[in-house]
Amino acid sequence: MNAVENRLVIVVRADPVICGHSVEARNLAETALQRGFDEVRIVTWPIDKLQQAGLPLKPLDSVLPYSPGIIVERPAPVGDYKVPDGRYLAGITGRLIELFTDGVPTVCLSLYLSPHTIAVADAMRAAWSTGLPVNVTTIAEAVGSDVTNVVRTAVEEGRLGAAAHILSSYLSQDHCVAVSEYTKQLIITESAALDAQHGTRFAEQCRQRISVSYPAIDADAYLNLDDNILDDVLAARGLERDEYVLFLSRLMPAKGVEDLIAGYELSGVHADKELIIAGRGPQAEVLREVAAASSVSHRIRFLDDVGDAEKPYLMAGCAAFVLPSKPRPEFVETFGIALAEKMLAGGGPVITTVTGGIGEATGDHALVVPVEDPAAIAAALVRAVVDTSREERAEWAERAREYALQFDRRNVFDRLFANVPRSRVEFQPNTP
């Protein structure tokens, strides 16, 4: 008799990728162990392949270990050098087929439709064809960038096949979810455009099948932070509480860091507050050059080695947190995980835009500025750190925290898995 009775498989670009949805996979995996799964397998890519792709990775020595019972698999490529990219996808798909046919009741969650949900759909077809027992429930989560990067591009270029491949794989899953209402509507809109072009029938299926499941955040990591540890963490960086403005996310054009640097220079708060830009990404060197050319360059610091354990303290200690995202053809902020994390941690006000799904992440608990508007960022900084009293900021932070608790990984997990047959997974929802 197989010792494993309930398995969760998560297919994702896992840690050490900085992307918030990779961290979401960790959060769902950890919660699954508390909710009746006795084994979780995260099936992902070899680290050297992630590095070659240019994805922003965390410092490898800063990635927190997974709990016992969570196994990270990075399947080796299959085939020879003549099909370099397909070899890795073949490795992942092949491993999924093995997991789907070994007799263990399994729930498989894929984050990112392309290529992960496609791999799951292909693996399910192959698993059924083997004649071996298959006891698998599938959940596909669209995070948004998989739609803007692939489906939208295919629709714009009139490429029916590529878009149909993704959408049909998505709709073949038992449960289809999106990380925000914005993302759901984006998928429906692009599906409708494809239907109009080619006479397909994806939009109505998407409208009926897709539900919203917000990203899962480990709220415990951000709540009730020890003041002594907070001071020690900041001191190690040469920082003091409420004495810096913080940006913490990927360094890429859609995050609006150039606008933040310009707004910080205009605001005058640089006389008292440093600007800390924390993160890694493809725009890192360009942004360092932008900062160096600023008249307040001596007040701007970059941190590229912030680990998971340090992040909540940096957020909690800042005078203001600024993420001025803006829509780009290659990326739109479909939720804003870092904003919700910051709201859980406390600290100074959040300053952001309402690009994409950000409004769903922040509710009414952020200072909102237009996209690409340094002057508005400057005014918001003055309001946040000069015109608002410490008591007002504390009250604001508490209201923001209450709102963000809905994204705690236990709440998200229980809602997401509510429709999974209880005969397969038994758990007590809404418990700590």
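Analyst: A salt bridge here is a side-chain nitrogen of Lys or Arg within 4 Å of a carboxyl oxygen of Asp or Glu. By this rule, the count comes to 29 salt bridges. The model is predicted, with local features needing pLDDT of at least 70 and side-chain atom pairs counting only at pLDDT 80 or more, while totals for chains, interfaces and linings use all residues. Residues are numbered from 1 along each chain as its sequence is written, and side-chain values use heavy atoms, with hydrogens and water left out.

One of these salt bridges pairs Glu39 with Arg7, whose closest N and O atoms are 2.7 Å apart. This pair links distant parts of the chain, since Glu39 belongs to strand β2 (residues 39-43) and Arg7 to strand β1, 32 residues apart; helices (H or I, at least four residues) and strands (E, at least two) are DSSP runs numbered from the N terminus. Both Glu39 and Arg7 are buried, where buried means under 20% relative accessible area, exposed over 50% and partly exposed in between (1.4 Å probe, protein chains only).

A second salt bridge joins the side chains of Glu274 and Arg301, at 3.1 Å from N to O. Here too distant parts of the chain are linked, with Glu274 in strand β9 (residues 274-278) and Arg301 in strand β10 (residues 300-303), 27 residues apart. Glu274 counts as buried because its relative accessibility is 16%, whereas Arg301 counts as partly exposed because its value is 26%. Salt bridges that share partners also build a network, in which Arg7, Glu39, Arg41, Glu73, Arg95, Glu98 and Asp102 are joined.

A local pairing is found within helix α8 (residues 202-209), where Glu204 and Arg207 lie three residues apart, about one turn of the helix. Their side chains meet in a salt bridge, again given as N to O, at 2.7 Å. An α-helix has 3.6 residues a turn, so residues three or four places apart point the same way. Glu204 is partly exposed because its relative accessibility is 40%, and Arg207 is likewise partly exposed because its relative accessible area is 43%.

Grid points are joined across faces, edges and corners, and a volume is the space filled by probe spheres set on the points. The count on this basis is two cavities of 30 Å³ or more.

The largest cavity has a volume of about 80 Å³, and its lining includes Lys342, Met343, His365, Arg393 and Trp396. Helices α13 (337-345) and α16 (390-404) each supply at least two residues of that lining, with the largest share, four residues, coming from α16. Six of the lining residues are nonpolar, four polar and two charged; Ala, Val, Leu, Ile, Met, Phe, Trp, Tyr, Cys and Pro count as nonpolar, Asp, Glu, Lys and Arg as charged, and the others, Gly among them, as polar.

The second largest cavity holds about 30 Å³ of space, and among the residues lining it are Gly20, Val23, Glu24, Asn27, Ile337 and Glu341. For this lining α1 (20-34) and α13 each provide at least two residues, and α1 gives the largest share, four residues. The division for the second largest cavity is five nonpolar, two polar and two charged.

Asp15 and Pro16 are joined by a cis peptide bond with omega about 20 degrees, and Pro16 sits in the loop between β1 (7-11) and α1. The bond from Ser114 to Pro115 is also cis, omega being near 10 degrees, although Pro115 has its place in helix α4 (residues 113-129). Asn224, a residue other than glycine, has a positive phi near 55 degrees and lies in the loop between β7 (210-212) and α9 (227-236); Asn224 counts as exposed because its relative accessibility is 80%. Glu372, which is not a glycine, has a positive phi of about 55 degrees and is placed in the loop between β13 (367-368) and α15 (374-385). Glu372 is exposed because its relative accessible area is 55%.

Methods
1 Å grid on protein atoms, 1.4 Å probe; cavity = no way out; pocket = protein on both sides within 12 Å on 5 of 7 lines; lining within 4 Å.
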